[in-house]
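Take one side chain as the starting point. Then step back to the whole fold.

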Amino acid sequence: MRLEAKQQIAEDLHDRFARSAIIVLTDYKGLDVTAMNNLRRKLREADIEYQVVKNTLLVRAAEDTAVAVIKDHFKGPSAVALSYEDPVAPAKVLTQFAKDNDKLEIKAGVLNGKVLDVQAIKALATLPLREVLLAQFLSTLNAVPTSFVRAMAEIPRSLL
């Protein structure tokens with residue numbers, strides 16, 4: 001690969017690292033083509049980018065971004081999963097795929113500049129989807145005024 005092409009890939013990856021909400025680093029060694037295609041399809045359905053990148057390009061792209069904190073994990077075959085909106089989605093998809101296919105290894109992740117180890121990524125995968133959390137929050141907010149109105153309506157009813 002020519003030097004200009006490598007620089008372009010590193011710059012593009014640097015921009016995506018800066019914009020992403022979560023980055024999960026994986027080791028794909030041992031996955032066959034069909035398994036890799038299934039993984040990519042599942043990630044694409046969840047609006048997650050997945051790219052296999054050389055470690056030297058990862059190091060260069062990670063400079064001056066939050067991803068720089070996991071430079072030590074850029075060893076062996078590496079692929080990154082990037083999500084720009086939902087930080088839970090990559091953890092869910094990758095954790096489920098790793099359960100089904102033991103060849104995929106989750107190395108580490110970065111969320112808001114903090115390093116996530118494998119256990120933290122698995123814990124993140126157990127969280128409900130963003131929409132479910134918002135629905136639970138709204139139902140909690142709605143419960144207080146509803147209970148107040150019921151209590152106020154009970155006063156005239158008890159007088160009768």
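A polar atom of the Ser83 side chain lies 2.8 Å from the backbone oxygen of Asp86. That is a polar contact (a pair of N or O atoms within 3.5 Å; within protein, one must be able to donate a hydrogen and the other to accept it, and residues adjacent in sequence count only if both atoms are side-chain atoms). The model is predicted: local features need pLDDT of at least 70, side-chain atom pairs count only at pLDDT 80 or more, and totals for chains, interfaces and linings use all residues. Residues are numbered from 1 along each chain as its sequence is written, and side-chain values use heavy atoms, leaving out hydrogens and water.

Ser83 belongs to strand E3, residues 79–83. Strands (E, at least two residues) and helices (H or I, at least four) are DSSP runs, numbered from the N terminus. Is Ser83 buried or exposed? Ser83 is buried, because its relative accessible area is 2%; buried means under 20%, with a 1.4 Å probe and protein chains only. Leaving aside residues up to four places away in sequence, Ser83 touches Ser20, Ala21, Ile22, Ile48 and Pro90. Contact here means heavy atoms within 4.5 Å.

Now the whole chain. The protein has 6 helices and 5 strands. Their order along the sequence is α-β-α-β-α-β-α-β-β-α-α. The radius of gyration is 22 Å, well over the 15 Å that the globule rule gives for 160 residues, so the protein is more spread out than a compact globule. The radius is taken over C-alpha atoms, and the rule is 2.2 Å times the number of residues to the power 0.38. The C-alpha trace spans about 85 × 35 × 25 Å along its principal axes.

How values were computed. Buried < 20%, exposed > 50% of the residue type's maximum accessible area, 1.4 Å probe, protein only.
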